[in-house]
Amino acid sequence: MTTVQWQRKDLVGIYELSAAEIELVLDTARAFKQVGQRAIKKVPTLRGKTLVNLFIEPSTRTRTSFELAAKRLSADVINIDTTASSLVKGETLKDTAKNLEALNADIIVIRHSAAGAAHFLASRLRASVINAGDGAHEHPTQALLDAFTIREKKGRIAGLNVLILGDILYSRVARSNIWLLTKLGARVTLSGPATLVPRQFESFGCRVTYDLDGALAEADVINLLRIQHERQRRSAFPSIGEYSTLFGLTKERFARTKPDALIMHPGPINRGVEIDSDLADCERSVILEQVTNGLAVRMAVLFLCAGGART
Amino acid sequence: MSALILRNGRVIDPANNVDVVRDVYVSDDKISATPAAGARLVDATGCWVVPGLIDMHVHLREPGGSAKETIATGTRCAARGGFTSVVCMPNTSPPADNPGTIALIRQRAEETAMVNVYPTGAITRELKGEELAPIGSLKRAGVVAITDDGRCVQNNDLMRRALQYAGMFGLPVLDHCQDYQLSADGVAHEGHWSLALGLRGWPALAEDVIVMRDILLAEDTGTHVHCQHISSGRAVRLLREAKRRGVPVSAEVCPHHFTLTDEWLKTFDANFKMNPPLRSEADRQALWEGLTDGTIDCIASDHAPHCPFEKEVEFDVAPFGIIGLETELALSLELVRKKILTVRQLVEKFTVNPARILGLSKGTLSVGADADITVIDAERDWVYDVGQSASKSRNSPFHGWKLRGKAIMTIVGGKVVWEE
């Protein structure tokens, strides 16, 4: 176990975290994963606290995961989604935040289409703010659960070759993963069409290659990303068919990967586009374990930021 | 009847090749050769006495945007910042694309302004970039240049005709250089920081392409094109090469572009959101080189007030722009301390250069000239408190900055409009 103390009110990104802080979250999550395997899955850690799931962009799995994590910690949970929210009536994010504070919410989990939305709230509220994805900026709990899964399966992160494949430009998952994995000593390679994976990403301390087959052969972990049509302002490649041919994980390509290479995907999956449908369900795919681990990681984050772990 | 004796200051008047310690006399509204009887004596020992500074790029928001700023409040900012003349942009509501609006702006300036206000007119009707505004009538109404600032005419043929037409009246064309296809919905300089922060990228290329277009059109038509708020290193290089060939182009740069870089965006503070966006360290250094070698003629603020509630939102949706008149001089004096500019060059970029580009009879301390004078204490240490700004808006990224150098007296037409 690490000896670092958690001092943060908020979790807005991985960029700001030290390697020791990341390890602390992962170690804490391991304890919470055991709680999830008991007959009685609920602990009183956040009893009397109120968590608001403020989702100003659609999400099913992340919102459900945070909701369940909060409930297992005995918090009261309110879900505010974009259609029910007064934001559509013209209320600003600042006013929404002030109203939530007036209701004495203790934790705000925010998902928003604008990069920086979690920073915006965190700097203005006394409540803990947990970033559940802000535009193309960060999705820290996703990167933490990915790391948790890799560590559980591979026993370590340092020294592994991790390939992140697909739409990096518009992906908050990619950014959080790059920061986290490089901080913990993995070698990160990015691949995909040059319009979605510009060379400039090498300034993050990772490698960019358009030779997918070479990168696949070396990879210990293959993290596939969905094409984020909703964020792309213009076409970055000629067609889905061409994308799938050049950058999809087909059975042929899969056959040439290392025999113990993991397949990961943050979901939702576009079967037949970034990954062959059968491969998504194969034994080397840990896609559903990522979902299970997400719960433990989010319990750990809520506990650390709002559960009295701070000194 | 105003009469002043500015005693014993360092008088820097590039138009007359002057940089000496001496007195300057004001009698009525002109610079005079001799002191007038009963003149107020001002001790300027240790200070610079320079021609009144000119900012050729401000947004005063009147008419139509008076919640953000008015001619009265914007020109008070100018006076505090040491500026005796400002050139206001036509993107008001209604836009200054017709003589009536120009007449209104001039009338409001007459009634409420603290410094000289020179209006510009639009290049195209409603700044839409579709058909020419009545440029001849605008000229008669008193505009000093035409520009669609805030927007950029995308149609090259229309821009060419605008230059040909404006050339008849000797009107310079000021261009906001932005290719909309390339800037698209960008909010931040495309580079390391836009990638790291997940902000939509706006490549410097969006500026470069239009700067190159403008150089070609200026060469083709012979009409003077002035490129506004240059932010890209490559644009500086293109302008340098064009000037060497004798193409009638000039350029300005804003203090925020030569002071800040896109790294500041990591705060997600919308006071770092401007158009063009803050660029990379390499761009900033190229701007310094352009200032040093004269490729960049002027420093201008692009003073762009926005209400606090408009700016205090998610970065993506905040409007572009910051206020700048009050911090401009101090941030520019930093260029002298960094040895990027000599004192004379600095004064030129605020006085004779903009006056020359716009054909204004300003920017000099010659005897008989309008008594527009700025007295600067270049060593004065102060802290910028935007809460105390004369502007109606508060959108400055420089709030709380420790600055050095300040206008301690601003004189417009012989009248002291600011002193401390």
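Mentor: In this predicted model, helix 1 of chain B, residues 71-81, packs against helix 2 of chain B at an angle of about 60 degrees, and the two axes lie 9 Å apart. The two helices are therefore oblique to each other. Helix 1 of chain B passes helix 2 of chain B in a right-handed crossing. From helix 1 of chain B, the residues that meet the partner are B:Ile71, B:Ala72, B:Thr75 and B:Arg76, and from helix 2 of chain B they are B:Ile105, B:Arg108, B:Ala109 and B:Thr112. By class, this contact has four nonpolar, two polar and two charged residues.

Most peptide bonds are trans, and most residues other than glycine have a negative phi. Chain A also has a cis bond, from A:Gly267 to A:Pro268, with omega near -10 degrees; A:Pro268 lies in the loop between strand 9 and helix 10 (277-280) of chain A. A:Asn104 has a positive phi of about 60 degrees although it is not a glycine. That residue is found in the loop between helix 3 (93-102) and strand 3 (107-112) of chain A.

In chain A, helix 2 (residues 61-72) and helix 11 (residues 287-306) pack at an angle of about 55 degrees, with 8 Å between their axes. Helix 2 of chain A and helix 11 of chain A are therefore oblique to each other, and helix 2 of chain A passes helix 11 of chain A in a right-handed crossing. Helix 2 of chain A contributes residues including A:Phe66, A:Leu68 and A:Ala69, which meet a set in helix 11 of chain A that includes A:Val291, A:Leu295 and A:Met299. The residues of this contact divide into eight nonpolar, three polar and three charged.

Elsewhere in chain B, B:Pro319 lies in the loop between helix 11 (308-311) and helix 12 (328-337) of chain B. Leaving aside residues up to four places away in sequence, B:Pro319 touches B:Lys273, B:His306, B:Glu310 and B:Lys311. B:Pro319 and B:Asn275 are 44 residues apart in sequence, yet 9.2 Å apart in space, C-alpha to C-alpha.

Salt bridges come next. The count over all chains is 52. One of them joins the side chains of A:Lys258 and A:Asp220, at 2.9 Å from N to O. This pair links distant parts of the chain, 38 residues apart: A:Lys258 is in the loop between helix 9 (251-255) and strand 9 (262-264) of chain A, and A:Asp220 is in the loop between helix 7 (212-218) and strand 8 (221-224) of chain A.

Finally, the two chains meet each other. Their contact takes 23 residues from chain A and 22 residues from chain B. The area buried between chain A and chain B is about 1800 Å², and carbon and sulfur atoms give 58% of it. Two salt bridges are counted between chain A and chain B. The side chains of A:Arg124 and B:Glu312 meet in a salt bridge, at 2.8 Å from N to O.

How values were computed. Residues numbered from 1 in each chain as written. Chains lettered and ligands numbered in written order. Predicted model: local features only at pLDDT ≥ 70, side-chain atom pairs only at ≥ 80, totals over all residues. Heavy atoms only, no water. Axes fitted to C-alpha atoms, helices over the stretch in contact; angles between N-to-C directions. Helix = DSSP H or I, 4+ residues; strand = E, 2+ residues; numbered from the N terminus. Parallel < 35°, antiparallel > 145°, perpendicular 65-115°, else oblique. Left-handed = near helix turned anticlockwise from the far one by under 90°. Contact = heavy atoms within 4.5 Å. Nonpolar A, V, L, I, M, F, W, Y, C, P; charged D, E, K, R; others polar. Buried area = accessible area lost by both parts, 1.4 Å probe. Salt bridge = Lys/Arg side-chain N within 4 Å of Asp/Glu carboxyl O.
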